[in-house]
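This report describes one protein chain, element by element. The sequence and the model are shown first.

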Amino acid sequence: MSDTAIPSALAEIIDDFNAVTERERLELLLEFSDELPALPERFAEHPELLERVVECQTPLFLTVEIAATDAREVSLFFSAPPEAPTSRGFAGVLAEGLDGLPAAEILAVPNDMPERLGLTRAITPLRMRGMSSLLGRIKRKVAEGVAA
């Protein structure tokens with residue numbers, strides 16, 4: 001898939017990661033970890049409404065809401081413990097880069113998007129697979145929601 005399939009907010013994040021050194025990329029990922037939005041009360045009080053991303057080493061949970069509009073805008077909600085900054089950081093990247101976008105734009109995001117952050121040498125392959133799995137899970141949930 002071409003870069004045109006990457007939504008502009010996500011493309012800016014990818015550019016930010018690639019504009020700095022590897023060490024700074026980890027620091028940037030930690031910033032996204034710190035900026036991951038808290039769950040709204042309706043989910044914080046009902047964690048059973050979130051789905052665990054079992055491919056991630058750490059307990060990472062998500063849920064997706066799709067608006068009943070023509071564009072089917074997607075809202076993303078994540079829960080990850082503070083002691084899992086890598087997972088939280090990637091969830092933060094996806095929250096900032098994808099939240100509020102139409103379903104079609106999210107479904108068009110290339111599956112290799114996590115690798116485009118330039119973290120493959122700074123993060124273990126297992127963690128990179130977890131990041132890819134998180135994107136895949138979001139896309140699957142969006143596809144299921146649009147089909148429903």
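Is R52 buried, partly exposed or exposed? At 36% relative accessibility, R52 counts as partly exposed; buried means under 20% relative accessible area, exposed over 50%, and partly exposed in between, with a 1.4 Å probe and protein chains only.

## Basis of the model

This is a predicted model, in which local features need pLDDT of at least 70 and side-chain atom pairs count only at pLDDT 80 or more, while totals for chains, interfaces and linings use all residues. Residues are numbered from 1 along each chain as its sequence is written, and side-chain values use heavy atoms, with hydrogens and water left out.

Helices (H or I, at least four residues) and strands (E, at least two) are DSSP runs, numbered from the N terminus.

## Annotated region

In an unreviewed UniProt entry, residues 15–140 carry the annotation "domain: Fe-S metabolism associated". UniProt positions are given in the numbering used here, feature names are shortened, and annotations may be inferred rather than shown by experiment.

Three strands form an open sheet in the order β1-β2-β3, and the pairing is antiparallel. Two strands pair if DSSP finds at least two bridges between them. β1 (51–52) and β3 (74–79) are at the edges with a single partner strand each, so one side of each has no neighbour in the sheet. Helix α6 (residues 125–147) packs on the sheet and touches β1, β2 and β3. The direction of α6 makes about 30° with that of β2; axes are lines fitted to C-alpha atoms, for helices over the stretch in contact, and angles run from 0 to 180 degrees between N-to-C directions.

β1 is joined to β2 (residues 61–66) by 2 bridges, and β2 to β3 by 6 bridges. F61 in β2 is the bridge partner of R52, and F61 also stands opposite S79 in β3.

## Surroundings of R52

R52 belongs to strand β1. Apart from neighbours within four places in sequence, R52 is in contact (heavy atoms within 4.5 Å) with Q57, T58, P59, L60, F61 and R137. Between R52 and F78, which are 26 residues apart along the chain, the C-alpha separation is 9.7 Å.

## Helices α1 and α2

The axes of α1 and α2 are 9 Å apart, and the two helices pack at an angle of about 140°. They are therefore oblique to each other; angles under 35 degrees count as roughly parallel, over 145 as roughly antiparallel, 65 to 115 as roughly perpendicular and the rest as oblique. On the α1 side the contact involves I13, D16, F17 and N18, which meet R25, L28, L29 and F32 in α2.

S33 also lies in helix α2. With 3% relative accessibility, S33 counts as buried. Residues P85, R88 and G89 touch S33, not counting residues up to four places away in sequence.

## Aromatic pairs

The structure holds 2 aromatic pairs. Rings of Phe, Tyr and Trp (its six-membered ring) pair if their centres lie within 6.5 Å; planes under 30 degrees apart count as stacked, over 60 as edge-to-face and the rest as tilted. F17 and F32 make a stacked pair, at 5.9 Å centre to centre with 20° between the planes. F17 is in helix α1 (residues 8–18) and F32 in helix α2 (residues 22–34), so this pair ties together parts that are 15 residues apart in sequence. Both F17 and F32 are buried.

For F43 and F77, the ring centres are 4.9 Å apart and the planes stand at 45°, so the pair is tilted. F43 in helix α3 (residues 41–44) and F77 in strand β3 are 34 residues apart, and the pair links distant parts of the chain. F43 counts as buried at 5% relative accessibility, and F77 counts as buried at 14%.

## V109

V109 is placed in the loop between α5 (103–107) and α6. At 0% relative accessibility, V109 counts as buried. V109 and L10 are 99 residues apart in sequence, and their C-alpha atoms are 9.3 Å apart in space.
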